Amino acid sequence: MATIFLYEIAGTAMLTLLGGGVVANAILGKTKGNGGGWLMINFGWGLAVFAGVWVAYKTGAHLNPAVTLGLLASGAEEYGPGIAVNFANTIAYFLAEMLGAFLGAVVAWLAYKTHYDQEKDAGTILGTFSTGPEIRSHGWNLVTEIIATFVLVFVIVMFGNTPHGLGPLAVALLVVSIGASLGGPTGYAINPARDLGPRLAHAVLPIPHKGSSDWGYAWVPIVGPLLGGALGGLASMAF
């Protein structure tokens, strides 16, 4: 359990540090990457996953409660090398992923502190921490997150069934693909910890002009990815 906490906290923190960092670079004012666009964000998040997976490789690099739940639903016997699928380990993964996501978001804020201090648009500030829909329709936003996370978990499990030698690069490219293809409506949370951890950081950090943390929407990027992850794990059993 100590191994789970150490590696999953570190890996998920690296994920949200680099992922939140690329969004901050793209949309906060007076940054070198301002206006870099959606594909810059997609590739930045893919490379954030690449780095996070390497850091947490020893525990299977879940970095995401939807992946943990998907592996559980798939009938896997181990979450990582020598780590049994059981209740205690499942909770340990969930807690470590959430804490790591929160810490990574805090460090990303520190990296861009002076830019946050000068940013006056509350929506822009929140957008560097958590996801939000372009067209707010909770039901359809939920469907988008279910589909995108289904793809994530189903393909990850299938990676494990197929010798490919790509390692973390395979997951990184998958995340880029999901962002480019399915990320438009909701910003593709596809990870409850990735959204909730930074949203909590947004709520508690002393950021001028930050406004609301949009808790009315926050359940969508939690419930959608969990459902999509479970469905992806169940579907993989047919293969």
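D117 and K113 form a salt bridge in which the closest N and O atoms are 2.7 Å apart. A salt bridge here is a side-chain nitrogen of Lys or Arg within 4 Å of a carboxyl oxygen of Asp or Glu. The model is predicted: local features need pLDDT of at least 70, side-chain atom pairs count only at pLDDT 80 or more, and totals for chains, interfaces and linings use all residues. Residues are numbered from 1 along each chain as its sequence is written, and side-chain values use heavy atoms, with hydrogens and water left out.

## Salt bridges

The structure holds three salt bridges. In general, side chains of opposite charge can pair when their charged atoms come close. D117 and K113 are four residues apart in helix 5 (residues 113-118), and are therefore separated by about one helical turn. Helices (H or I, at least four residues) and strands (E, at least two) are DSSP runs, numbered from the N terminus. D117 is partly exposed, with a relative accessible area of 30%, and K113 is likewise partly exposed at 30%. In these terms, buried means under 20% relative accessible area, exposed means over 50%, and partly exposed lies in between (1.4 Å probe, protein chains only).

A salt bridge also joins D195 to R199, with the closest N and O atoms 2.7 Å apart. Both residues lie in helix 9, four residues apart, which is about one turn of the helix. D195 and R199 are both buried. An α-helix has 3.6 residues a turn, so residues three or four places apart point the same way.

The side chains of D214 and R136 meet in a salt bridge at 2.8 Å, N to O. D214 lies in the loop between helix 9 and helix 10 (220-236) and R136 in the loop between helix 6 (122-127) and helix 7, so this pair ties together parts that are 78 residues apart in sequence. D214 counts as buried at 19% relative accessibility, whereas R136 is partly exposed at 49%.

| Salt bridge | Closest N to O distance |
|---|---|
| D117 and K113 | 2.7 Å |
| D195 and R199 | 2.7 Å |

## Aromatic pairs and a surface patch

A search of the whole structure finds seven aromatic pairs. Rings of Phe, Tyr and Trp (its six-membered ring) pair if their centres lie within 6.5 Å; planes under 30 degrees apart count as stacked, over 60 as edge-to-face and the rest as tilted. One of the pairs joins W38 and Y188, whose ring centres are 5.7 Å apart and whose planes stand at 75 degrees, so the pair is edge-to-face. This pair links distant parts of the chain, 150 residues apart: W38 is in helix 2 (residues 38-55), and Y188 is in the loop between helix 8 (168-182) and helix 9 (192-204). Y188 is buried, with a relative accessible area of 6%.

The rings of F150 and F154 have their centres 5.6 Å apart and their planes at 5 degrees, so this pair is stacked. F150 and F154 are four residues apart in helix 7 (residues 138-161), and are therefore separated by about one helical turn. F150 is partly exposed, with a relative accessible area of 29%. One aromatic cluster is formed by F50, W54 and Y57.

W38 is partly exposed, at 37% relative accessible area. Together with L39 and F43, W38 forms a nonpolar patch on the surface, with about 320 Å² of accessible area. Patches are made of residues with over 30% relative accessible area and no salt bridge; like charges are joined within 9 Å and nonpolar side chains (Val, Leu, Ile, Met, Phe, Trp, Tyr) within 5 Å. Accessible areas come from the Shrake-Rupley method with a 1.4 Å probe, and for residues only the protein chains shown count as cover.

The 15 residues of helix 8 should span 21 Å at 1.5 Å a residue, and the end C-alpha atoms are 21 Å apart, which agrees. The expected span is 1.5 Å times one less than the number of residues in the helix. Buried residues of helix 8 include P168, A170, V171 and A172. The buried residues of this helix pack against helix 2 and helix 7.

V49 is placed in helix 2 and counts as buried at 10% relative accessibility. Not counting residues up to four places away in sequence, V49 touches L15, L63, V171, A172 and V175; contact means heavy atoms within 4.5 Å. The C-alpha atoms of V49 and L200, 151 residues apart along the chain, are separated by 21 Å.
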